[in-house]
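Here are my notes on the model you sent over.

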Amino acid sequence: MSMPNFSYVRIRSLKEAIEHLSSNGARVHAGGTDLLGCLRDNIFEAKKVVSISGLKNLRGIEEPKNGGLRIGALTTITEIADSKKVRDRYPALAKAASEVASPQLRNQGTIGGNLCQKPRCWYYRGEFHCLRKGGSTCYAYQGENQFHCIFGSGGICYITHPSDTAPALVAYQATLRIVGPKGARLVPIEKFYVLPSQDVRKETVLRPNEILTEIVLPPESKGLLSSYRKVRARQSWDFALAGVALALRLKEDRVEKARVVLSGAAPIPWRSKEAEQALAGNPLNTDTITRAVNAALKKAEPLEKNSYKIPLFRGMLEEELQAIAKR
Ligand SMILES: Cc1cc2nc3c(=O)[nH]c(=O)nc-3n(C[C@H](O)[C@H](O)[C@H](O)COP(=O)(O)OP(=O)(O)OC[C@H]3O[C@@H](n4cnc5c(N)ncnc54)[C@H](O)[C@@H]3O)c2cc1C
Ligand code: SF4
């Protein structure tokens, strides 16, 4: 397929970028690893592509005086996976970044693009005018749905959220800084993603003339133990079939606070509040872990071809919680 026609602008300031994005049909271009594929395959159109790669102040990892980390949206996935600051203090994020795609894509792809990438449903990526593209049917519901979701579809659209870094950032309660014509706003990452029941045409709350500029990680809390694990179908699918990001704070062997976030499970990074409740206040032993795993999968709604995800998530969640208990 050939690339459709569009104008291409390289901007020098955020203000200039937002001005260009305010014209209809303009799209942000960061590393281009997802955007250019979408344009080539006619998944959506662009009249204008606005390259933000020259905005140097959107690149890099900084330590603010009051703790935490600020990661510029143009920081590459490789830089995040390799950063000592990230590896030492937010290990689940470093691990998630190291699990993204291939080394070439990690070198080219940015964290901002990773968080804003389009879903991978093969009907959506193919020539099917499905609900998410403005059509009237979901082709996955009765079709090839082995890689689709088991939570959060609302009976509308069955995509799984594609990013590996997003679930880790939800576990760490990161905040996103978004800049638009009216200035900056801060959005907790959990509120950034949109369920099909809220709007089936959108994956995030970003408006067309807004740019994600920064990811803000809160100061790490003492005693927080975190991890990210992903299972993929080797050689055929890079994205998570099933994944889990955990952030647990233990006090004298009891779980004081837990964040359990599933990937490959739902149209958004899926917080299992049921599992979190089963863990909170209890000792991290086999009984508690079994209760948490049962609670996490109790409300799963598999489709015809993806019920294998339930035992996969059960096994993975159990192993990851056991591993944290042994630390
Ligand atoms: C073969 C393949 C395998 C992959 N496997 C994985 C995987 O296993 N795990 C995983 O997590 N990802 C995977 N990806 C996705 C990959 O990580 C993303 O393509 C990449 O991170 C996107 O970054 P980018 O800078 O190239 O974004 P771009 O392609 O430039 O942009 C992606 C989207 O985000 C928007 N955007 C980009 N930056 C901003 C910003 N700062 N503000 C607002 N909007 C923005 C663009 O308009 C576009 O819609 C894979 C991709 C491919 C092609
Ligand atoms: S799962 Fe969503 S994106 Fe895929 S065919 Fe159904 S409506 Fe379209």
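**Notes on rings, charges and the ligand site**

1. Let's start with Trp-270, which is partly exposed, with a relative accessible area of 21%. Buried means under 20% here, so Trp-270 at 21% falls in the partly exposed class. Bear in mind that this is a predicted model.

2. What does Trp-270 pair with? Its partner is Phe-151: the ring centres are 5.5 Å apart and the planes sit at 15°, so this pair counts as stacked. Phe-151 belongs to the loop between α8 (122–125) and α9, while Trp-270 is in strand β12 (residues 270–271), so the contact ties together parts that are 119 residues apart in sequence.

3. Take Tyr-90 and Tyr-172, whose ring centres lie 5.2 Å apart with the planes at 90°, so they go down as edge-to-face. This pair also links distant parts of the chain, 82 residues apart. Tyr-90 is in the loop between α4 (84–89) and α5 (91–98), and Tyr-172 is in the loop between α9 (165–171) and β6 (175–180). Both tyrosines, Tyr-90 and Tyr-172, are buried.

4. There is an aromatic cluster to look at as well: it is made up of Tyr-123, Phe-128 and Tyr-139.

5. Two rings have a charged side chain over the face. Arg-27 sits over Phe-44, at 3.8 Å from the ring centre. Lys-133 does likewise over the face of Tyr-124, at 5.8 Å from the ring centre.

6. On to ligand 2. Which residues come closest to it? Those are Cys-121, Cys-130, Cys-138, Cys-157 and Tyr-158, out of 13 residues that surround the ligand. By class, that shell has eleven nonpolar residues, one polar and one charged. The space ligand 2 takes up is the second largest cavity.

7. If you want a distance to check, Leu-21 and Ala-168 are 29 Å apart in space, C-alpha to C-alpha, and 147 residues apart in sequence.

Definitions and conventions: Residues are numbered from 1 along each chain as its sequence is written. Chains are lettered from A and ligands numbered from 1 in the order in which they are written. This is a predicted model: local features need pLDDT of at least 70, side-chain atom pairs count only at pLDDT 80 or more; totals for chains, interfaces and linings use all residues. Side-chain values use heavy atoms; hydrogens and water are left out. A residue is near a molecule or strand if one of its heavy atoms lies within 4 Å of it. On a 1 Å grid over the protein atoms alone, a cavity is a set of points where a 1.4 Å probe fits but cannot get out, and a pocket is an open set with protein on both sides within 12 Å along at least five of seven lines; lining residues have an atom within 4 Å of a point. A molecule sits in a cavity or pocket if more than half of its atoms lie within 2 Å of its grid points. Ala, Val, Leu, Ile, Met, Phe, Trp, Tyr, Cys and Pro count as nonpolar, Asp, Glu, Lys and Arg as charged, and the others, Gly among them, as polar. Rings of Phe, Tyr and Trp (its six-membered ring) pair if their centres lie within 6.5 Å; planes under 30 degrees apart count as stacked, over 60 as edge-to-face and the rest as tilted. Helices (H or I, at least four residues) and strands (E, at least two) are DSSP runs, numbered from the N terminus. Buried means under 20% relative accessible area, exposed over 50%, partly exposed in between (1.4 Å probe, protein chains only). A charge sits over a ring if NZ of Lys or CZ of Arg is within 6 Å of the ring centre and within 35 degrees of the ring normal.
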